[in-house]
Amino acid sequence: MAGRFSNLEFKNQQRQEQQQAGVARTERKTRGVAATELLQRADGEYQWGRFEPALRLYTRALQEQRTLIPAWVGQVQMLVQLDECHEA
């Protein structure tokens with residue numbers, strides 16, 4: 001019975017830890033990468049529902065090339081998904 005209910009209290013904590021691990025992994029992989037590749041990676045993260053890493057990748061893509069309109073749109077979409085509407 002403990003197996004069925006063991007994750008109930010810690011579900012959010014585990015999700016946060018997984019997101020933090022994904023963010024760290026994403027940051028290591030994005031050093032010296034072209035803006036279009038960052039945009040593609042961000043789209044992939046978004047498709048998998050990993051909004052925090054996707055937001056970071058869209059931001060990195062914009063740091064590399066500020067004229068990428070899909071990166072601007074993706075950044076706003078991620079902020080909305082993360083309930084950061086005031087920032088969006």
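**Helix α4 and its two partners**

Tutor: Along the sequence the chain runs α-α-α-α-α, a total of five helices and zero strands. Here helices are DSSP runs of H or I with at least four residues, strands are runs of E with at least two, and both are numbered from the N terminus. The model is predicted, so local features need pLDDT of at least 70 and side-chain atom pairs count only at pLDDT 80 or more, while totals for chains, interfaces and linings use all residues. Residues are numbered from 1 along each chain as its sequence is written, and side-chain values use heavy atoms, with hydrogens and water left out.

α3, residues 35-47, packs with α4 at an angle of about 165°, the axes being 8 Å apart. The axes are lines fitted to C-alpha atoms over the stretch in contact, and the angle, from 0 to 180 degrees, is taken between N-to-C directions. α3 and α4 are therefore roughly antiparallel, a label given to angles over 145 degrees. α3 passes α4 in a left-handed crossing, meaning that the near helix is turned anticlockwise from the far one by less than a right angle.

The contact (heavy atoms within 4.5 Å) includes Leu-38, Leu-39, Ala-42, Glu-45 and Tyr-46 from α3, and Pro-53, Ala-54, Leu-57 and Ala-61 among those from α4. By class this contact has eleven nonpolar, no polar and five charged residues. Nonpolar covers Ala, Val, Leu, Ile, Met, Phe, Trp, Tyr, Cys and Pro; charged covers Asp, Glu, Lys and Arg; the others, Gly among them, are polar.

Buried means under 20%, exposed means over 50%, and partly exposed lies in between, with a 1.4 Å probe and protein chains only. Leaving out residues up to four places away in sequence, Glu-45 touches Arg-50, Pro-53, Ala-54 and Leu-57.

The loop between α4 and α5 contains Leu-68, which is buried, at 11% relative accessible area. Leu-68 touches Ala-35, Leu-39, Ala-61 and Leu-62, again not counting residues up to four places away in sequence. Leu-68 and Leu-39 are 29 residues apart in sequence, yet their C-alpha atoms are 8.6 Å apart.

After α5 comes the segment that holds Asp-83. Asp-83 has a positive phi of about 60° although it is not a glycine, and with 64% relative accessibility it counts as exposed.

For the chain as a whole, 27% of the 88 residues count as buried. Of the contacts with a separation of 6 or more, 40% join residues 24 or more positions apart.

Conventions. Angles under 35 degrees count as roughly parallel, over 145 as roughly antiparallel, 65 to 115 as roughly perpendicular and the rest as oblique.
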